[in-house]
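Take a look at the fold below before reading on. The text then walks through it piece by piece.

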Amino acid sequence: METRNYYIPCSPYAKLVLNGIVSRIPCCIPRIEIKSYDTIIVTITCHKNHFKMVEAILRREGWLGD
């Protein structure tokens, strides 16, 4: 198991995307922290092989740089 932090926008759409990640990929989100008024820090824990799928979804949304 591995844990990583991601910075994503604070919006209802981001919540929908996070719910989709949790429902499709065996992982958990133990902590969501507000960084600023428009950004949140999401901590995701899962097997290191599953992070490829998580990061593909975040990259598709434009929330993860290459």
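Predicted model: local features only at pLDDT ≥ 70, side-chain atom pairs only at ≥ 80, totals over all residues.

The protein chain has two helices and three strands. Read from the N terminus, the elements come in the order β-α-β-β-α.

Start with the overall dimensions. Along the principal axes, the C-alpha atoms fill a box of roughly 30 × 25 × 20 Å. The radius of gyration is 11 Å, and a compact globule of 66 residues would have a value near 11 Å, so the two agree. Of the 66 residues, 35% count as buried. The accessible surface of the chain comes to about 4400 Å². Carbon and sulfur atoms make up 55% of that surface. Contacts also reach along the sequence. Take those between residues at least 6 apart: 66% of them join residues at least 24 apart.

Now the sheet. Strands of a sheet pair through backbone hydrogen bonds, either parallel or antiparallel. Here the three strands form an open sheet in the order β1-β3-β2, and the pairing is antiparallel. Strands β1 (2-9) and β2 stand at the edges with a single partner strand each, so one side of each has no neighbour in the sheet. From one strand to the next, the twist averages 20°.

Look at each pairing in turn. β1 and β3 are joined over eight bridges in the antiparallel sense. In this pair, Arg-4 stands opposite Ile-44 of β3. Strand β2 (residues 27-36) meets strand β3 (residues 39-46) over seven bridges, also antiparallel. Glu-33 has Ile-41 in β3 as its bridge partner. β2 and β3 form a hairpin, with two residues between them.

Next come the helices. How does α1 sit relative to the sheet? It packs on the sheet and touches β1, β2 and β3. Its direction makes about 160° with that of β2. Helix α2 (residues 51-60) lies across β1 and β3. This helix runs at about 5° to β1.

Asn-19 is found in helix α1 (residues 12-24). Is Asn-19 buried or partly exposed? Its relative accessible area is 46%; buried means under 20% and exposed means over 50%. Asn-19 therefore counts as partly exposed. Ile-29 is ten residues away along the chain, and the C-alpha atoms of Asn-19 and Ile-29 are separated by 9.8 Å.

How values were computed: Residues numbered from 1 in each chain as written. Heavy atoms only, no water. Helix = DSSP H or I, 4+ residues; strand = E, 2+ residues; numbered from the N terminus. Buried < 20%, exposed > 50% of the residue type's maximum accessible area, 1.4 Å probe, protein only. Pairing = 2+ DSSP bridges. Axes fitted to C-alpha atoms, helices over the stretch in contact; angles between N-to-C directions. Contact = heavy atoms within 4.5 Å. Rg over C-alpha atoms; globule rule 2.2 N^0.38 Å. Areas by Shrake-Rupley, 256 points an atom, 1.4 Å probe, with all protein chains shown as cover.
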